[in-house]
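Dear colleague,

Here is the structure for your files. My notes on it follow below.

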Amino acid sequence: MIAPTTTSDDVLRVVVGMRRVLRRRLRARFGQPPLRGAQAELLQQVDAEPGIGVAAAARALYLAGNSVSTLVNQLVDDKLLRREPDPADRRAVRLFLTPAAVERLALRRAARRELLDDALARLDAGDRAAITAALPALEHLLATLEDRSDPEAP
């Protein structure tokens with residue numbers, strides 16, 4: 001017997017499905033090797049917080065510090081990140097996007113937005129209104145998931 005799905009199952013199915021379809025469509029659009037999910041997330045974090053350190057990036061992404069260090073090394077080798085010594089602590093580094101990364105993220109955002117805009121335009125007005133109306137609740141759900149005061153959060 002198959003267990004009935006829950007709201008959690010349905011939300012995960014839709015969110016994961018949308019991410020998978022967008023990734024696949026973006027890979028087909030760009031000739032360059034695709035960024036892995038964690039690489040893209042790190043670049044987005046550095047874009048949001050230029051000069052962030054490795055430890056802070058690891059906390060923000062819920063990853064181990066050594067995992068982020070590995071990602072940093074890969075992205076530095078790919079000329080998408082640059083490291084600068086932290087003036088407050090010479091043992092630490094601060095992370096910054098390279099111009100190539102800025103361009104790549106901008107192209108990726110624009111392409112993702114175009115794909116979603118096109119899909120939304122093909123929906124009827126009722127579906128678009130329902131999606132728009134659900135956005136505040138989804139934002140609250142995201143904030144709840146990100147709440148670090150939760151004792152069970154990693």
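Is arginine 109 buried, partly exposed or exposed? At 30% relative accessibility, arginine 109 counts as partly exposed, where buried means under 20% relative accessible area, exposed means over 50%, and partly exposed lies in between (1.4 Å probe, protein chains only).

Before the rest, two notes on the source. This is a predicted model, in which local features need pLDDT of at least 70 and side-chain atom pairs count only at pLDDT 80 or more, while totals for chains, interfaces and linings use all residues. Residues are numbered from 1 along each chain as its sequence is written, and side-chain values use heavy atoms, with hydrogens and water left out.

Overall layout

Read from the N terminus, the order of elements is α-α-α-α-β-β-α-α. The C-alpha trace spans about 55 × 45 × 30 Å along its principal axes. Of the 154 residues in the chain, 21% are buried. Contacts are heavy atoms within 4.5 Å; among those between residues at least 6 apart in sequence, 53% join residues at least 24 apart.

The strands

Strand S1 (residues 81-86) pairs with strand S2 (residues 89-97) in the antiparallel sense, over six bridges. Pairing here requires that DSSP finds at least two bridges between the strands. A hairpin of two residues joins S1 to S2. Arginine 82 has phenylalanine 96, in S2, as its bridge partner.

Salt bridges

The whole structure contains six salt bridges, each defined as a side-chain nitrogen of Lys or Arg within 4 Å of a carboxyl oxygen of Asp or Glu.

Arginine 109 and aspartate 47 meet through their side chains at 2.6 Å, N to O. Because arginine 109 lies in helix H5 (residues 99-121) and aspartate 47 in helix H2, this pair ties together parts that are 62 residues apart in sequence. Aspartate 47 is partly exposed, at 31% relative accessible area.

Glutamate 41 and arginine 19 also form a salt bridge, at 3.7 Å, N to O. This pair links distant parts of the chain, with glutamate 41 in helix H2 (residues 37-48) and arginine 19 in helix H1 (residues 7-29), 22 residues apart. Glutamate 41 is partly exposed at 30% relative accessible area, and arginine 19 is partly exposed at 46%.

In the salt bridge between aspartate 118 and arginine 122, the closest N and O atoms are 3.2 Å apart. Aspartate 118 is partly exposed, with a relative accessible area of 39%, whereas arginine 122 is exposed, at 61%.

The surface

The chain exposes about 10900 Å², of which carbon and sulfur atoms supply 58%. Accessible areas come from the Shrake-Rupley method with a 1.4 Å probe, and for residues only the protein chains shown count as cover.

Leu123, Ile131, Leu135, Leu138, Leu141 and Leu145 form a nonpolar surface patch, with about 510 Å² of accessible area together. Patches are made of residues with over 30% relative accessible area and no salt bridge, joined within 9 Å for like charges and within 5 Å for nonpolar side chains (Val, Leu, Ile, Met, Phe, Trp, Tyr). Leucine 141 lies in helix H6 (residues 125-146) and is partly exposed, with a relative accessible area of 39%.

Regards

How values were computed:
Helices (H or I, at least four residues) and strands (E, at least two) are DSSP runs, numbered from the N terminus.
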